[in-house]
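Colleague: Could you walk me through how to read helix packing and sheet order in a model like this one? I would like the general idea each time, and then the case at hand.

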Amino acid sequence: MTENQERNNKNKGAAFAATGSFIPNITIPNEAFLTSQFFNTDGTPVEKEPQKIIDKFKEITGIAERRYGTNNQKASDLGFLSAAAALNNSGIDKEKLDYIIVAHNFGDITYGSNRTDMVPTLASRIKHRLQIQNPDCVAYDLPFGCPGWLEGIIQANYFIRSGDARYCMVIGTEMLSRVIDPHDRDSMLYSDGSGAVIMYRGTNTTEAGILSHKTQTHALDHAMLLKMGRSYSPAAANDENIYLKMKGRKLYEFALTQVPLVIKAALDKAKLHIRDINKVLIHQANEKMDVAILERLFKLYNEEKIPENLMPMTISTLGNNSVATIPILLDLILKGKLKNHQLSRGDKAIFASVGAGMNINALVYQF
């Protein structure tokens, strides 16, 4: 490519060059929670029979099982494995990466502990594991709740559009199994995993890429819907550890109200209608909630019928692995590993997520 062509391409949007993911091998079925002693927020025991608790949980969330990492793995280890897979799939020289952006929320936590380790950053740890020598490859972390990976994609897009970067790797990695209160029913939601995407600067003939995006932070009234707190068990009164806590009903209502509006704002910026979209890749937090979000979105367009296979789901077997959900989902689809789902050249997709903060983002992409 000539210098003039390179200059002309600087304002081109970012496109996906390759994907990779790592799904842990340890499967935890719902039945593993039959012996759990759950407590309410006030410390009183949950009186329902364990099987009824699990049956109701599956009915609402769609989760039948989830994946946990091994005892000797941490979030950066999972991130390294997905990053290595993406690099291997891309054929791109790792020394040509301009940025490594790692989205997570809890850093590295050693098994048996509840202490967050974020120094050095997970991005620096992963760069070290990849043995990248180039100091111009900038590695940094992005804690942004569940929407963190998607926000990393948005940031990488700006680096590439500005001409500051040609290749950016964005990783989402999480080990939520290390921050859950075993006495909280919500502990059944969470899982571990990692996904990575390498983005590149398109050329004048590249049709694929990011068409639009929208991000919001609703902190004033909703920042504390997801936060860290003490165990619900009275026996843990002297336990100084803190665990991931959620106000589920309020979060559900918030998501149903706000997420469809953010998605529509992104579509409006791209001058597209919901009927122009081939796939909706949404953060897998709760199957019932995601279905309701999609229904609300279609109602904004006065559309009643939702096309079949529009919204691929992995939550039934992988659970909610936060920032890793969407990149894993994308990797599985592009590699033909998700039954009845594929993405072809020219297809348009929505990516969307909502999570701690409360942050919401949405992005429209053409393949």
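Predicted model: local features only at pLDDT ≥ 70, side-chain atom pairs only at ≥ 80, totals over all residues.

Colleague: Let us start with helix 3 and helix 4: how are they oriented to each other?

Modeller: The general idea is to take the angle between the two axes and see which class it falls in; angles under 35 degrees count as roughly parallel and 65 to 115 as roughly perpendicular. Here the axes of helix 3 (residues 75-90) and helix 4 (residues 122-129) cross at roughly 50° and come within 9 Å. The two helices are therefore oblique to each other. As for handedness, helix 3 passes helix 4 in a right-handed crossing.

Colleague: Which residues of helix 3 and helix 4 meet?

Modeller: From helix 3 come Ala75, Ser76, Asp77, Gly79, Phe80 and Ala83, and they meet Leu122, Arg125, Ile126 and Arg129 in helix 4. Sorted by class, this contact has five nonpolar, two polar and three charged residues.

Colleague: How do helix 7 and helix 8 cross?

Modeller: The axes of helix 7 (residues 248-269) and helix 8 (residues 287-300) cross at roughly 45° and come within 9 Å. That angle makes helix 7 oblique to helix 8. Helix 7 passes helix 8 in a right-handed crossing. Helix 7 contributes residues including Leu251, Tyr252, Leu256 and Ile263, while helix 8 brings, among them, Met289, Ile293, Arg296 and Leu300. By class, the contact of these helices has 13 nonpolar, one polar and three charged residues.

Colleague: Now to sheets. In what order do the strands of the five-stranded open sheet run?

Modeller: In general, strands of a sheet pair through backbone hydrogen bonds, either parallel or antiparallel. In this sheet the order is 1-7-6-4-5, and the pairing is mixed. Strand 1 (14-22) and strand 5 (138-142) are the edges; each has a single partner strand, so one side of each is left without a neighbour in the sheet. On average, neighbouring strands are turned by 20° against each other, direction ignored.

Colleague: In which sense do strand 4 and strand 5 pair?

Modeller: Strand 4 (residues 99-103) pairs with strand 5 in the parallel sense, over five bridges.

Colleague: What is the strand order in the open sheet of four strands?

Modeller: That one reads 8-13-12-11, again with mixed pairing. Strand 8 (209-217) and strand 11 (279-282) each have a single partner strand, so one side of each has no neighbour in the sheet. Neighbouring strands are turned by 15° against each other on average, direction ignored. Inside the order, strand 12 (residues 348-355) and strand 13 (residues 359-366) pair in the antiparallel sense over eight bridges, and Ala349 stands opposite Tyr365 in strand 13. Helix 5 (residues 148-162) lies across strand 8, strand 12 and strand 13, at about 55° to strand 13.

Colleague: Where does Gly357 lie, and how exposed is Gly357?

Modeller: Gly357 lies in the loop between strand 12 and strand 13. Its relative accessibility is 24%, so Gly357 counts as partly exposed. Leaving out residues up to four places away in sequence, Gly357 touches Thr217, His218, Ala219 and Ala223.

Definitions and conventions
Residues numbered from 1 in each chain as written. Heavy atoms only, no water. Axes fitted to C-alpha atoms, helices over the stretch in contact; angles between N-to-C directions. Parallel < 35°, antiparallel > 145°, perpendicular 65-115°, else oblique. Left-handed = near helix turned anticlockwise from the far one by under 90°. Contact = heavy atoms within 4.5 Å. Nonpolar A, V, L, I, M, F, W, Y, C, P; charged D, E, K, R; others polar. Pairing = 2+ DSSP bridges. Buried < 20%, exposed > 50% of the residue type's maximum accessible area, 1.4 Å probe, protein only.
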